Amino acid sequence: MPATELLPDAPFFIVLNAGSGHAETEMRISTINEVMEAGGRVCHLEVVDEPERLEQIARDLAAKAVASNGVLVAAGGDGTINTVAHQAVLAGCPFGVLPQGTFNYFGRTHGIPEDLAEAVHALLRATIKPVQVGMLNDKIFLVNASVGLYPALLEEREHDKREFGRSRVVAFLSAIKMTLRAHRHLHIRLELDGKEQRLRTTTLFVGNNRLQMEQVGMEQLTDAVEDGQLAALAPKPMGKLGLLGLLVRGALGKLGGADDVVAFSFKRMTVRTPSLYGRKRLKVAVDGEVSKMATPFEFRVLEGRLKLLLAAPKADVRPDSDNTVIPAKAGT
């Protein structure tokens with residue numbers, strides 16, 4: 001969909017997750033305010049130091065953004081971005097991102113700088129581009145949603161990060177540890193295009209992120225995500241060593257073509273558990289945040305519902321001999 005212009009004096013309403021230490025939070029506040037002030041833009045910044053207040057603060061700032069033709073902005077990791085983006089979708093206001101997480105899949109996919117000052121500068125020259133979101137029942141997801149082993153893996157990863165620090169190495173080692181523990185298989189029924197398929201798996205993973213699909217080697221699903229679909233992955237039944245091998249292959253970007261992984265794309269899918277379970281509540285993970293949700297699960301895609309602020313890449317320029325600035329050629 002074509003990008004549209006943002007009002008030149010649109011104010012920014014920023015939700016900043018204070019998850020890190022006090023000194024780092026103060027540095028982020030200072031950076032945001034300095035860049036905004038230098039750009040002559042109005043900025044209202046709310047620091048969230050109590051996670052349970054994040055949703056309400058995001059809802060309040062979304063209302064203010066709508067009332068003043070402004071922009072709602074999330075500063076934090078993918079979980080924070082998800083919560084604030086949900087309120088932007090409900091309110092229908094433009095949405096900006098200042099990525100501050102470990103993986104930053106959403107920001108990296110859309111070319112948003114990971115350096116905070118650069119990301120704020122990008123907001124100041126951005127236009128609005130509608131992008132798709134995924135839905136799991138009444139929750140949106142920007143990156144992925146899952147049920148089964150993956151939510152348990154995320155819970156363990158958060159515990160290990162609090163103890164050993166937030167890094168991708170810690171995340172990978174935590175995943176190995178969790179994979180080698182005892183785990184149950186899910187018995188589920190998938191309803192797709194009027195057809196039913198039974199599936200036994202440790203985890204059902206649904207992605208809405210091209211970069212993540214590329215990194216694990218599922219290039220056959222990246223086009224589907226770009227074309228307005230969601231991507232589903234589910235390992236076939238296997239033991240601990242098989243799952244460990246699958247984890248390593250995913251880390252090496254070699255999942256593509258694996259015959260022990262069910263992979264497909266879709267626009268809408270219903271997931272049911274056996275009727276003897278009733279409306280069973282299962283752990284789900286939505287953009288890294290784990291909660292319990294009652295079955296059945298409905299996954300669907302909503303195209304163009306998030307009004308994302310994206311800045312065009314800065315022109316790559318170099319001076320000519322007479323000091324005239326001309327575009328740099330590829331390879332120079």
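1. Nonpolar surface patch. In this predicted model, a nonpolar patch on the surface is formed by Val 169, Phe 172, Leu 173, Val 248 and Leu 252, whose accessible area together is about 450 Å². Patch members have over 30% relative accessible area and no salt bridge, with nonpolar side chains joined within 5 Å and like charges within 9 Å; a salt bridge is a side-chain nitrogen of Lys or Arg within 4 Å of a carboxyl oxygen of Asp or Glu. Areas follow the Shrake-Rupley method with a 1.4 Å probe, and for residues only the protein chains shown count as cover.

2. Contributing helices. Helix α7 (residues 168-179) gives the most to this patch, with three residues. Val 248 belongs to helix α10 (residues 240-251) and counts as partly exposed because its relative accessibility is 33% (buried is under 20%, exposed over 50%, partly exposed in between). Helices (H or I, at least four residues) and strands (E, at least two) are DSSP runs, numbered from the N terminus.

3. Cysteines. The structure holds zero disulfides (cysteine sulfur pairs within 2.5 Å). The sulfur of Cys 43 has its closest cysteine sulfur in Cys 93, 15 Å away and too far for a bond. Cys 93 is buried, at a relative accessible area of 3%.

4. Confidence. Mean pLDDT (the predictor's confidence in each residue, from 0 to 100) is 86, and 90% of the residues score at least 70. Helix α2 (residues 54-67) is highest at 97, and strand β18 (residues 325-327) lowest at a mean of 36. Over residues 316-332, pLDDT stays under 50, with 14 contacts beyond four places in sequence (heavy atoms within 4.5 Å). Where pLDDT is low, predicted coordinates should not be read in detail.

5. Conventions. Residues are numbered from 1 along each chain as its sequence is written, and side-chain values use heavy atoms, leaving out hydrogens and water. Local features need pLDDT of at least 70 and side-chain atom pairs 80 or more, whereas totals for chains, interfaces and linings use all residues.

Definitions and conventions: Buried means under 20% relative accessible area, exposed over 50%, partly exposed in between (1.4 Å probe, protein chains only).
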